[in-house]
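Take a walk through this model.

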Amino acid sequence: MTTQSTPAVSPERRQQVAAALHAVLPPTCVLSAPEDTRPYECDGLSAYRQLPMIVVLPASEEQVLAVLDVCRRLHVPIVPRGAGTGLSGGAMPIADGVVLSTARLNKIVRLDAYSRMAVVQPGVRNLAISEAAAPYGLYYAPDPSSQIACTIGGNVAENSGGVHCLKYGLTVHNVLRVRMATIEGDIVELGSEAPDAPGLDLLAAFIGSEGMLGIVLEVTVKLVPKPAAARVIMASFDDVTAGGNAVADVIAAGIIPAGLEMMDRTSSRMVEPFVRAGYDTEAAAILLCEADGTAAEVEEEITRMAAVLRAAGAGAIAVSTSEAERLKFWSGRKNAFPAAGRISPDYYCMDGTIPRKHLARVLQGIAAMEHKHGLRCANVFHAGDGNLHPLILFDANQPDELRRAEAFGADILALCVEVGGTITGEHGVGIEKIDSMCVQFTAAELNAFFALKRAFDPLSLLNPDKAIPTLNRCAEFGKMRVTGGVLPHPDLPRF
Ligand SMILES: Cc1cc2nc3c(=O)[nH]c(=O)nc-3n(C[C@H](O)[C@H](O)[C@H](O)COP(=O)(O)OP(=O)(O)OC[C@H]3O[C@@H](n4cnc5c(N)ncnc54)[C@H](O)[C@@H]3O)c2cc1C
């Protein structure tokens, strides 16, 4: 476990900021005692922890604006936080900063079944939107496996995905409008309820900006009709290469499944005793391929997918015969991350995306890295999107294992870039992948990202030191050329 070594905050400073926040918020909305702030010390990337100076829990837009005003005047960094399920350390606190939790901003403001949209506050849970829409035969399509807990504000900040995103798109494709507060205290509306909005498409720039550009206050999401029918195929492969190639074959056949997920043997063996989903634990890889639509569409697509999978070398093929069985097949996939806790004290979840045609090559590369770093890795991922989630298994109590897990993760991301992919798929960069940004982007590109951040947040108070590395950091990481002791863009800020 790594606790960040930022300078301690002086009691005077803590008192000054707490007093200013108490002046604008009810007493129960400000937490400063360590026993109260401890639950906020990390997000889902629990290997890294940091106690915040103060946590605030505003219950209205006015209170959010008041917090921003205090923090701007006193120059206090702010880390926005939803449910804290993020896996890249995006919501990890800063020692001299305030964590702004949206837990109390959790109302569904309006659900318009006729226009198929819902307006919700940022702290509303992802699944709560679909639950509210269910009586109208509608649901919110992006479905992170954490959907029971994660919030729409966090989903917007991370541009989250999920099993259904292959067919229905990521958060960015399912959000019509975001109402957000700038650090200056202005309320800005990005996008509109119409399919397009005038001006630059800042909504697309904002979605995925990891809490660095503004605080999400309200989100208008699209709702889609719940399909009349859905069935899932579970196909076993006796080698990972054939499984990886089968994924590319399904898409090449012109089929867009409602979900196309892959688990390797380590994953299915880790999950099966936990959920008893009926997985073939002898198979080197299993694929879960879902078809949805009308009953006739589903039958036709299942038949076509099964034929492609057989031709690609699938051994056993099972097709769900009831809704209960469909959910059982998915239950293992959805619970894969928690199941990792059964076989390893800690796991480090990577998230890179690659062109589908390179799935087999990258999975073989990861297998070779297991030997190089002396650690096991379970692969369970959104194969149809080429979005890998290697779970590197380690024990933080063993000297050097966290460092080796980090090096393993960095090698995987470098391989993703090498085959034409990216260092993130849906979990964001946060602190976890900040060094790998130096592998993916040039100095000029990083400069452009900083320019965008400065345009929204000139004082760099919103989630600073996350997601965009400084050139100094890249130089230290060994991925930026330093000539004669001088960086190419010394003018770039050291946030
Ligand atoms: C078991 C498990 C499974 C997961 N499965 C998936 C998956 O399938 N797909 C996927 O995409 N992710 C997945 N995740 C990751 C995570 O759930 C998502 O990134 C999710 O969107 C985070 O939401 P949150 O509310 O927990 O946000 P947090 O973790 O609290 O915050 C995430 C980021 O959003 C920012 N933020 C939060 N609220 C706001 C706001 N109101 N305004 C501005 N910025 C804000 C934070 O500063 C931080 O940078 C999984 C996580 C776990 C633990």
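The buried residues of helix 15 pack against strand 18 (346-349), strand 19 (352-353), helix 14 (359-373), strand 22 (390-394) and helix 16 (437-440). Helices (H or I, at least four residues) and strands (E, at least two) are DSSP runs, numbered from the N terminus. Contact requires C-beta atoms, placed from the backbone, within 7 Å. Buried means 20 or more other C-beta atoms within 10 Å of a residue's own, again placed from the backbone.

This is a predicted model: local features need pLDDT of at least 70, side-chain atom pairs count only at pLDDT 80 or more, and totals for chains, interfaces and linings use all residues. Residues are numbered from 1 along each chain as its sequence is written.

Which residues of helix 15 are buried? They are Glu401, Ala405, Phe408, Gly409, Ile412, Leu413, Leu415 and Cys416. Because they cover an arc of only 155° around the axis, they sit on the same side of helix 15. The arc is taken from the directions from the helix axis to the C-beta atoms. Just after helix 15, Gly420 has a positive phi of about 95°.

Now the ligand. Of the 36 residues around the ligand (C-beta atom, placed from the backbone, within 6 Å), Gly82, Gly86, Gly90, Gly154 and Gly211 come nearest. Helix 5 gives the most to this shell, with five residues. Domain 1 (2-101) and domain 2 (108-225) both contribute residues, so the shell lies between them. The domain bounds come from an automatic or database domain assignment.

Notes:
A residue is buried if 20 or more other C-beta atoms lie within 10 Å of its own, exposed if 12 or fewer, and partly exposed in between; C-beta atoms are placed from the backbone. Two residues are in contact if their C-beta atoms, placed from the backbone, lie within 7 Å.
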